[in-house]
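This briefing is meant for a reader who is meeting the structure for the first time. It begins with the chain as a whole and then turns to its domains, its helix packing and its backbone.

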Amino acid sequence: MNPKCLIIKKKLRSFNKKINVEGDKSLSIRWLLLSSQAIGVSRATNLLKSEDVYSAIKCLKKLGVNIKFFKNNCYLEGLGINGFKFKKNLVLDAGNSGTVGRLILPLLIKSPYKIKIIGDKSLSKRDFSRVTEPLSRIGVKFFPSKKKNLPIYLLGTDYLRPINYFENRGSAQCKTCIMLASLNTPGEMRILAKKSRNHTELMFKALKIPINIKNVNKLDFIKTSTPKKIDKFNLNIPGDISSSAFFIVLTLLSKNSKIILKHINLNPSRLGIIKILNKMGAGIKLKNVINYNGENCGDIHVKSVKNFKSINCPSYLNSSAIDEFLIIFLVAAKAKGISYFKHLSELNQKESPRLKLGSKILNMMGIKTKLTKSSIKIYGNPSLELNKNYQIKNYFKDHRIMALCTIAALTLGGNWKIYDPESIKTSFPSFLKILKNTLGAKIN
Ligand code: S3P
């Protein structure tokens, strides 16, 4: 039986290791959704086997898609654009995943039946109007019509029209939702988007789906239109930089340690963590970088660092580090001086209100913070060592809160009880196994 609570009482000893982390979550979910629209059997190697990815698989299976695993490969028999097979009264459960919940909708916009979309407690608190509003302009109906949260019902139509859409949050999910809607919508979809991860754009190009991208005043002006068909496609999915982030900071904050994270996705739109930590003095190096299907992949080399500088984090880096801020805050807690992170209201829209909770956890560790709705100042303490009892209830069951606290315990000390460690399975099921079996962490 898996423990309901992790107990950590000892810091991690020095280590010098090479590790692999599991496949990238964004790429895994996008491959599943897009290959379901292709014709023929597509194959993904190293698809992430996490709860969020299983939510995508379960939704697709309910839509008639055949998906099988054999060794490290996943095989998916695509049904073509608008080829899903399902009956009335369909319910799709996106679980904990905003990406699945928001990116499955545009594939259903021709549905002749109402489809109910549900999610877990955390997902049901998150804002879906950011995607239902533009989809409604395309012609899709949602019930109840003004409802912001799941559960909601979607009813598709054959009378879809392309829209001009301004994506002003830096949200890849919103941008991707409208790009995927263009698979079924005649005419040209025009999206003016703040910079955010561009995996969908790269997959569209690799799949020869019509797409044109221009840079307009630091924004991306993306035009997409309907392809005749999508051919099956194989993808080897590199490791997830968001999962790597925890091992990067673990190494930086441990004494006399080194790590090499092998074959990680190094798409420039995901490298915010490396840029921010290097500005703080981390000296992280990227080596053996190759380009594969448009995506950069390579190894991340990290060594322990004694002194960190504080940072006034430039907000142009926000979207490229959006899932990594919690663990970056831990480095800021050990840095000399006051660090400032701003224009981050999106962080409170994640699986939990991460800006607020991150601040609370730092306060619990004796670190002073100044918090507003969209910013945080962290008053770093380079000699920070913990020696008290710390209990983390993790009410929101947020995987990244769980991993943050585990890394804090293993690098700063103290007696920790971390509840709901199961939450890590949404994105990084092998997290504890790597810590215990490869790095020798004492975790009960
Ligand atoms: C994701 C985009 C980000 C990120 C999420 C995955 C994606 O969300 O936080 O974990 O795969 O497109 P937003 O696009 O809403 O910022």
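Two residues are taken to be in contact if their C-beta atoms, placed from the backbone, lie within 7 Å. Counted in that way, 24 residues of domain 1 are in contact with 25 residues of domain 2. The model is a predicted one, and it contains twelve helices and 23 strands.

**Overall form**

- The radius of gyration of the chain is 22 Å, which is close to the 22 Å that the globule rule gives for 444 residues, so the chain is as compact as a globular protein of that length.
- The C-alpha trace of the chain spans about 65 × 45 × 40 Å when it is taken along the principal axes.

**Domains**

- According to the domain assignment, domain 1 is made of residues 5-23 + 238-438, while domain 2 is made of residues 25-230.
- Between the C-alpha centres of domain 1 and domain 2 there is a distance of 29 Å.
- The side of domain 1 that touches domain 2 has 13 polar and eight charged residues, together with three nonpolar ones.

**Helix H7 with helix H9**

- Helix H7 (residues 241-253) packs with helix H9 (residues 325-334) at an angle of about 15°, and their axes are 9 Å apart.
- Because angles under 35 degrees count as roughly parallel, this makes H7 roughly parallel to H9, and the crossing of the two is left-handed.
- On the H7 side the contact is made by Ala245, Phe246, Val249, Leu252 and Leu253, and on the H9 side by Ile327, Leu330, Val331 and Lys334.
- Sorted by class, the residues of this contact of H7 with H9 are eight nonpolar, no polar and one charged.

**Helix H7 with helix H11**

- The axes of H7 and helix H11 (residues 399-412) come within 9 Å and cross at roughly 15°, and H7 and H11 are therefore roughly parallel to each other.
- The crossing in which H7 passes H11 is right-handed.
- H7 contributes Phe246, Val249, Leu250 and Leu253 to this contact, and H11 contributes Ala403, Ile407, Leu410 and Thr411.
- The contact of H7 with H11 has seven nonpolar residues and one polar residue, with no charged residues.

**Helix H9 with helix H10**

- H9 also packs with helix H10 (residues 354-364), here at an angle of about 30° and with axes 10 Å apart, and H9 and H10 are therefore roughly parallel to each other.
- The crossing of H9 and H10 is right-handed, and the contact is made by Phe325, Leu326, Phe329 and Ala333 of H9 with Arg354, Gly358 and Leu362 of H10.
- By class, five nonpolar residues, one polar and one charged make up the contact of H9 with H10.

**Backbone details**

- Most residues other than glycine have a negative phi, and most peptide bonds are trans.
- The peptide bond that joins phenylalanine 143 and proline 144 is cis, with an omega of about -15°, and proline 144 is found in the loop between strand S8 (141-143) and strand S9 (152-155).
- A cis peptide bond also leads from leucine 150 to proline 151, where omega is near -5°, and proline 151 has its place in the loop between S8 and S9.
- Lysine 71, a residue other than glycine, has a positive phi near 55°, and lysine 71 lies in the loop between strand S4 (66-70) and strand S5 (73-79).

Conventions. Residues numbered from 1 in each chain as written. Predicted model: local features only at pLDDT ≥ 70, side-chain atom pairs only at ≥ 80, totals over all residues. Axes fitted to C-alpha atoms, helices over the stretch in contact; angles between N-to-C directions. Helix = DSSP H or I, 4+ residues; strand = E, 2+ residues; numbered from the N terminus. Parallel < 35°, antiparallel > 145°, perpendicular 65-115°, else oblique. Left-handed = near helix turned anticlockwise from the far one by under 90°. Nonpolar A, V, L, I, M, F, W, Y, C, P; charged D, E, K, R; others polar. Domains from an automatic or database assignment. Rg over C-alpha atoms; globule rule 2.2 N^0.38 Å.
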